[in-house]
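Please look over the sequence and the structure below before reading on. The report then takes up a few of the parts in turn.

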Amino acid sequence: GHTRAETVKVLVRSGVKWGVLFSLARVNGVLPLVFAQLNAVCPADVPVRFLEQLRQEAHAISLQNLRLTGELIRMAGKLEAAGIRAMPFKGPALACLAYRNLASRTFNDLDVIVRKADIPRAKAVLLGEGYPARAPFAETPVGGSWEAEYNAWNFDHPENGIAFDLHWTITSEHFSFPFDLDQCWGRAVSVSVGGMTLSTLCPEDYLLTLCAHGYTHHWKKLAWICDLAELIRATGGLNWAE
């Protein structure tokens, strides 16, 4: 069988509709991975114009990721100062845990898990930092029926354009596979994100979380399957029985 590099070369040399590839890579959230593979394996076989287009967009994604990571670190510090333990997941935390590289994964918002009891205080911290709640949460009191309907409160910063989601669970109560977040907190692991050590889900909990997320969103993006593959590859000693 071919190595991955050989397979890429064979596919590229068999004829590629580069405009279609570029659009699919962008829509599926894998543009940085496509650029990295082509640039490493067979850059001479890629039309210069498309390789440069991929390079520029991958660079723009990298800069955006750095901006979001800086804001995650800042907000994690604000939450911690308020006595709230926050566990970042997806976004920069997953990029560092699974890909070992902030630039390899496309993400557009920030997600953190907090304990349900800390939601009111966490909401107050976000409001104080210029993050008003998105509808319908802006008019929703803390507590009540929203807990069964949603698994996160969404906030949008009107000036920096960043969306920040506060999760108190992974799936809504209607989902057939409930997560025991108390146990997830106990199994949390440390990950270095932008030079700061943060807590995030352990690989086994992440694997289940990513499967639940992909399922609820109908696996619309190839990136979500890549996340699973990279997490498994990066972890090495996953406890499959667990």
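How many of the 14 residues of α9 are buried? The model used to answer this is a predicted one.

## Helix α9

In α9, 10 of the 14 residues are buried, so the helix is largely enclosed by the rest of the structure. A residue counts as buried here if its relative accessible area is under 20%. The buried residues are Pro203, Glu204, Asp205, Tyr206, Leu207, Thr209, Leu210, Ala212, His213 and Gly214. They are covered by elements that include the strands β1, β5 (189–193) and β6 (196–200), together with the helices α5 (91–99), α8 (181–187) and α10 (222–235).

Helix α9 covers residues 203–216. From its first C-alpha to its last it reaches 20 Å, close to the 20 Å expected at 1.5 Å a residue. His218 follows α9 and has a positive phi, near 60°.

## Helices α5 and α10

Two of the helices that cover α9, α5 and α10, also pack against each other, with their axes 8 Å apart and at an angle of about 50°. The two helices are therefore oblique to each other.

On the α5 side, the residues that meet α10 are Leu94, Leu97, Ala98 and Tyr99. On the α10 side, they are Ala223, Cys226, Asp227, Glu230, Leu231 and Ala234. Sorted by class, this contact of α5 with α10 has eight nonpolar residues, two charged residues and no polar ones.

## The four-stranded sheet

Strand β1, already named as part of the cover of α9, belongs to an open sheet of four strands. The order in the sheet is β1-β2-β4-β3, and the pairing is mixed. β1 (87–88) and β3 (152–156) stand at the edges and have a single partner strand each, so one side of each is left without a neighbour in the sheet.

β1 pairs with β2 (residues 109–113) in the antiparallel sense, over two bridges. Within this part of the sheet, Pro88 stands opposite Val112 in β2.

Met75 is found in α4. Is Met75 buried or exposed? With a relative accessible area of 0%, Met75 is buried. Leaving aside residues up to four places away in sequence, Met75 touches Val125, Leu126, Glu129, Tyr131 and Phe164. His2 is 73 residues from Met75 in sequence, and the two are 46 Å apart in space, C-alpha to C-alpha.

Key: Residues numbered from 1 in each chain as written. Predicted model: local features only at pLDDT ≥ 70, side-chain atom pairs only at ≥ 80, totals over all residues. Heavy atoms only, no water. Pairing = 2+ DSSP bridges. Buried < 20%, exposed > 50% of the residue type's maximum accessible area, 1.4 Å probe, protein only. Contact = heavy atoms within 4.5 Å. Expected span 1.5 Å × (residues − 1). Axes fitted to C-alpha atoms, helices over the stretch in contact; angles between N-to-C directions. Parallel < 35°, antiparallel > 145°, perpendicular 65-115°, else oblique. Nonpolar A, V, L, I, M, F, W, Y, C, P; charged D, E, K, R; others polar.
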